Amino acid sequence: MHETVIASSLLKIITEETAKQHKNLYVDEIHLKIGLLNCIEAQTVQGCFEILAENTRAEHAKMIIERLPLQGFCNDCQKNISITKRHFVCPLCQSGNVDWQGGNEMQITSIKVHEKKEEEKE
Ligand SMILES: [Zn+2]
């Protein structure tokens, strides 16, 4: 997936969702969670989003991106494990004999908004 595409679809989701709630809602913060194996560059998405969001209700919104830990099952110690760095071995026994699950997720976890009053100036 390309970062520009991701940024523009995020912007679309966010602006449509907030528009549904109230016409004067402006977006302050967007919290995203991205799977550890998802190879999109957080900084690039943030940069693209900033440019695309100009003159929208999400202008000046801060994007906070967190990496989700990767879940797996170690076949050597027979345990469910999770890692937060791209070092693909079991953290308990250092085995590489692990079945990893998922890792490509991308979720919007929360959006912080504020309401702008009609009479308020920019
Ligand atoms: Zn293990």
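Which residue in β6 does L32 stand opposite? In the predicted model described here, L32 stands opposite I108 in β6. Residue numbers start from 1 along each chain as its sequence is written, and side-chain values use heavy atoms, with hydrogens and water left out. Because the model is predicted, local features need pLDDT of at least 70 and side-chain atom pairs count only at pLDDT 80 or more, whereas totals for chains, interfaces and linings use all residues.

The strand pairings are described here. Helices (H or I, at least four residues) and strands (E, at least two) are DSSP runs, numbered from the N terminus, and two strands pair if DSSP finds at least two bridges between them. Strand β1 (residues 25-35) runs parallel to strand β2 (residues 62-68), and seven bridges join them. Within this pairing, I34 has R67 of β2 as its bridge partner, and K33 has E66 of β2. Strand β1 also pairs with strand β6 (residues 106-115), in the antiparallel sense and over nine bridges. In a regular strand the side chains alternate between the two faces of the sheet.

Helix α2 (residues 42-52) forms, together with β1 and β2, a right-handed β-α-β unit. A crossover is right-handed if, with the strands pointing away from the viewer, the path from the first strand over the helix to the second runs clockwise. The loop between α2 and β2 holds N55 and H60. Most residues other than glycine have a negative phi. N55, however, is not a glycine and has a positive phi of about 65 degrees; H60, also not a glycine, has a positive phi of about 70 degrees. N55 is exposed, with a relative accessible area of 70%, and H60 is exposed with a value of 73%. Here, buried means under 20% relative accessible area, exposed over 50%, and partly exposed in between (1.4 Å probe, protein chains only).

A zinc ion is coordinated by the SG atoms of C74, C77, C90 and C93, at 2.2 to 2.3 Å. Donors are N, O and S atoms within 2.8 Å of the metal (3.2 Å for Na, K and Ca); water is not among the atoms, so sites may look incomplete. The site is tetrahedral, with angles of 100 to 121 degrees among the four donor atoms; four donors count as tetrahedral if all angles lie between 85 and 135 degrees. In sequence, the donor residues follow the spacing C-x2-C-x12-C-x2-C. Distant parts of the chain are linked by the pair C74, in strand β3 (residues 70-74), and C90, in the loop between β4 (79-83) and β5 (98-101), which lie 16 residues apart. Both C74 and C90 are buried, and C74 has a relative accessible area of 0%.

The UniProt record lists C74, C77, C90 and C93 under "binding site" in an unreviewed entry. These residues are spread over 20 residues of sequence yet cluster in space, with a largest C-alpha distance of 8.7 Å. UniProt also places a "binding site" feature (unreviewed entry) at H2. UniProt positions are given in the numbering used here, feature names are shortened, and annotations may be inferred rather than shown by experiment. H2 lies in the segment before α1 (3-21), and the side chain of H2 makes a polar contact with the side chain of T4 (3.2 Å). A polar contact is a pair of N or O atoms within 3.5 Å; within protein, one must be able to donate a hydrogen and the other to accept it, and residues adjacent in sequence count only if both atoms are side-chain atoms.

Key: Tetrahedral: all angles 85-135°; square planar, octahedral: opposite > 155°, others 65-115°.
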